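Here are my notebook entries from a sitting with this model. I jotted things down in the order I looked them up, so please follow along on your own screen.

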Amino acid sequence: MKKYQLGEFEEIVILTIGILNNRAYSVSIKDEIESRLSRTVSFGALHTALKRLEEKGYLKSFAGESTEDRAGRPRQYFEITAMGKKAMQYAKETRDELWKAIPKTVWQANLSR
């Protein structure tokens with residue numbers, strides 16, 4: 001099922017867009033990731049991931065209304081497509097299966113080593 005694979009940062013971005021729902025634009029996505037994960041995100045990396053996710057068909061972008069504070073330019077909002085939702089579900093199921101496959105003895109071992 002290679003067609004549904006997401007890289008780690010792509011997965012973080014698409015999950016964050018899901019969290020933001022209809023308020024997902026680049027600044028809000030960046031702020032949400034940084035706030036939730038205590039992780040610095042560059043706009044370059046974010047825009048690259050957004051473009052890649054849109055090219056894969058996982059996201060769709062649309063222009064919001066123009067605002068004066070943006071010199072009349074509209075914000076570009078992102079939403080998850082049906083194919084993007086399938087990719088998210090595939091990623092979740094794959095990770096859940098891997099977590100379940102870890103023997104309990106691994107967690108019982110001394111983690112300080």
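**Entry 1: Lys 100**

I started at Lys 100, which sits in helix H4; helices here are DSSP runs of H or I with at least four residues, strands are runs of E with at least two, and both are numbered from the N terminus. Is Lys 100 buried or exposed? I found it exposed, because its relative accessible area is 71%. For this, buried means under 20% relative accessible area, exposed means over 50%, and partly exposed is in between, using a 1.4 Å probe and protein chains only. I also checked Lys 100 against Leu 53, 47 residues away along the chain, and their C-alpha atoms are 28 Å apart.

**Entry 2: ground rules**

I noted that this is a predicted model, in which local features need pLDDT of at least 70 and side-chain atom pairs count only at pLDDT 80 or more, while totals for chains, interfaces and linings use all residues. Residues are numbered from 1 along each chain as its sequence is written, and side-chain values use heavy atoms, with hydrogens and water left out.

**Entry 3: Thr 16 and helix H1**

Next I looked up Thr 16, in helix H1 (residues 8–20). Thr 16 has 5% relative accessibility, so I put it down as buried. Leaving aside residues up to four places away in sequence, Thr 16 touches Ile 29, Glu 32 and Ile 33; contact means heavy atoms within 4.5 Å.

**Entry 4: H1 against H4**

Two packed helices are described by the angle between their axes and the distance between the axes. For H1 and H4 (residues 82–101), I read an angle of about 120 degrees and axes 11 Å apart. That makes H1 oblique to H4, since angles under 35 degrees count as roughly parallel, over 145 as roughly antiparallel, 65 to 115 as roughly perpendicular and the rest as oblique. The axes are lines fitted to C-alpha atoms, for helices over the stretch in contact, with angles running from 0 to 180 degrees between N-to-C directions.

Which residues meet here? From H1 come Glu 11, Ile 14 and Leu 15, and from H4 come Gly 84, Met 88, Ala 91 and Arg 95. I sorted the residues of this H1 and H4 contact into 4 nonpolar, 1 polar and 2 charged. In that sorting, Ala, Val, Leu, Ile, Met, Phe, Trp, Tyr, Cys and Pro are nonpolar, Asp, Glu, Lys and Arg are charged, and the others, Gly among them, are polar.

**Entry 5: helix H2**

Then I turned to the buried residues of H2, which are Ser 26, Ser 28, Ile 29, Lys 30, Glu 32 and Ile 33. They pack against H1, helix H3 (43–55) and strand E2 (74–80).

The axes of H2 and H3 come within 11 Å and cross at roughly 115 degrees. That makes H2 roughly perpendicular to H3. Ser 26, Val 27, Ile 29 and Lys 30 of H2 make the contact with Phe 43, Leu 46, His 47 and Leu 50 of H3. I counted 5 nonpolar, 2 polar and 1 charged among the residues of the H2 and H3 contact.

**Entry 6: two loop residues**

Last, I checked backbone angles. Asn 21, in the loop between H1 and H2, has a positive phi near 55 degrees and is not a glycine. Asn 21 is exposed, because its relative accessibility is 54%.

Ser 38, in the loop between H2 and H3, also went into my notes, with a positive phi near 50 degrees in a residue other than glycine. Its relative accessibility is 70%, so Ser 38 counts as exposed.
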